[in-house]
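Dear colleague,

My notes on it come directly after.

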Amino acid sequence: MKLANRILKKYFGYDKFRPLQGEVIQSILNGNDTVVIMPTGGGKSLCYQIPALMMEGVAIVVSPLIALMKDQVEGLQANGVQAGFLNSSQSAQVQNEIIEDVHEGKIKLLYVSPEKLVSQDFYYLLLQLKVNLFAVDEAHCISVWGHDFRPEYSKMAYLKKHFPLVPVVALTATADSLTQKDIIRQLGLDAPKLFLSSFDRPNLSLKVAPGKDKFKSILGFLRQRPHQSGIIYCLSRKACEGLSEKLRNSGVNASYYHAGLSPDDRAKRQEDFINDTVPIVCATIAFGMGIDKSNVRWVIHYNLPRNIESYYQEIGRAGRDGLKADTLLFYSFSDVIVHRKFIEESALKEVSHAKLERIQQFCDAQICRRKILLSYFGEHLEEDCGNCDVCKDPPQQFDGTLIAQKALSAVFRLKEQVAAGTVIDVLRGSSRQEILSRGYNKIKTYGAGKDVPHQDWQQYMLQLLNLGYISVAYDEGNALKLTEQSKEVLFSGRKVNLVHLATMKAEAQKAPVI
Ligand code: ADP
Ligand code: ZN
């Protein structure tokens, strides 16, 4: 890896690799299909840029962020990297010039949009080139389970079919396991090596508060943090404008940002934020993509984000410098209703509803929020984090090992094929027709949880989900699945602490059924 280190220094000016970068580069150089899951800002780009520079031929980089492509490529060129891009915003002449450069070996990294990649013309071009690598950036866009599905991406399996010997590296910051599986399947990757870096951002404090008296709370929050830079995410453009005006009227130096503004206006507002001329911005989710500002000290969600991925991505814009930063989410049921309406008008209803429900569960939960977040991304946090609102004001817990064992053992004996409602019916020994006709009354845990009311079981199941002891397969009729941790509970006597239902807030008791 001597050469890789030299390239890192020469073109990018860095002395050493971040965690996993070196391993990913090696995997690609060995010719493996490779999947890289790293949080935003983790340094995914170098993972394919460096091998591209080390190998003979040209690397094709597919990225849906057409708006950022130009900047990305210009950034590389400024570092002396031979890079170019092709997309539909260019004239035919410009495109031809770039193609010429590629033929002449003047381009080592060619960025293309997904539309371009799956076009007939581009396929013929590829046949004439010595392609050393396909890099699929923002690879979650390939999956309907990802939060940003793009139909063009679904045709990309042709890469492996027609160029089986060229390694493919897929990169994303979305790590839920369904999306992962789907990326691998959709791209037809061949025994891919998977690199998953930790999603934990311990410097971010997490807090969920009821969505009432929001403006007053925000003023209080800002008073404790004078001169700090932060982002307030709102659901609508109108809310961004209204809130920023109210803040200005209260003497807070804030602006707003949304996709309805002209490109110039947007650039100006973004610039003012980055330079700390206006340190606070009220924005829709359109804000933040590609913004590299390290000293954002807080992020507030004025409204409920539509899913955990978005939430994680948005809070992740705080504290990039590794110093302490705070996050605050206002949770109100009226936002849930708004989201539900949006979802009804969109495609992929089922997945979106399931994801919305999952973030409600996160908000309702009374266990360490970081545990829930990380378990959503397939990671397990052993200790409570101590840096979230639940850890700071913990509810009463009890030894729930027996309850967990009963529940998990039922999931196990039902062969991980059954959704929560039915698992609970089996635990409670229900003689419902379906239970009997499927023979569920013959399994060993049938009736083992008779003494616990149905509603309480729902709460315990939800806690087990949030703690990462079960997961839900949304693509299999919401069947409950065991996890590595639950196997330890079942087979190695691992202890499980659960929250006393009596001590849970009334709000949390109303949590939806998983
Ligand atoms: P991602 O695509 O994962 O969001 P980027 O590839 O844009 O992240 O990298 C985020 C930032 O980290 C960039 O400014 C990049 O230059 C920087 N970076 C990446 N690798 C290293 C490294 N090994 N040492 C120092 N900085 C790095
Ligand atoms: Zn915590």
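This is a predicted model: local features need pLDDT of at least 70, side-chain atom pairs count only at pLDDT 80 or more; totals for chains, interfaces and linings use all residues.

I begin with the cores. The largest nonpolar core comprises 83 residues. Within it, the residues with the most contacts are V281, C282, A283, A407, V423, M461 and L464. There is also a second, separate core, which has 53 residues and includes I37, Y48, A83 and F195.

Strand β10 is paired with strand β13 (residues 296–301); the two run parallel and are joined by 5 bridges. In that pairing, I232 has I300 of β13 as its bridge partner. Strand β10 also pairs with strand β12 (residues 280–283), again in the parallel sense, over 4 bridges. Here I231 stands opposite V281 of β12, and V281 is one of the residues listed above for the largest nonpolar core.

The last item is a helix pair. Helix α14 (residues 333–344) packs against helix α15 (residues 349–364) at an angle of about 165°, and their axes are 9 Å apart. Because angles over 145 degrees count as roughly antiparallel, α14 is roughly antiparallel to α15. The crossing of these two helices is right-handed. On the α14 side, the contact is made by V336, H339, I343 and E344; on the α15 side, it is made by K349, S352, H353, L356 and Q360.

Yours sincerely

Notes: Residues are numbered from 1 along each chain as its sequence is written. Chains are lettered from A and ligands numbered from 1 in the order in which they are written. A nonpolar core is a set of buried Ala, Val, Leu, Ile, Met, Phe, Trp, Tyr and Cys residues joined through C-beta atoms within 7 Å. A residue is buried if 20 or more other C-beta atoms lie within 10 Å of its own, exposed if 12 or fewer, and partly exposed in between; C-beta atoms are placed from the backbone. Two strands pair if DSSP finds at least two bridges between them. Axes are lines fitted to C-alpha atoms, for helices over the stretch in contact, and angles run from 0 to 180 degrees between N-to-C directions. Angles under 35 degrees count as roughly parallel, over 145 as roughly antiparallel, 65 to 115 as roughly perpendicular and the rest as oblique. A crossing is left-handed if the near helix is turned anticlockwise from the far one by less than a right angle, and right-handed if clockwise. Two residues are in contact if their C-beta atoms, placed from the backbone, lie within 7 Å.
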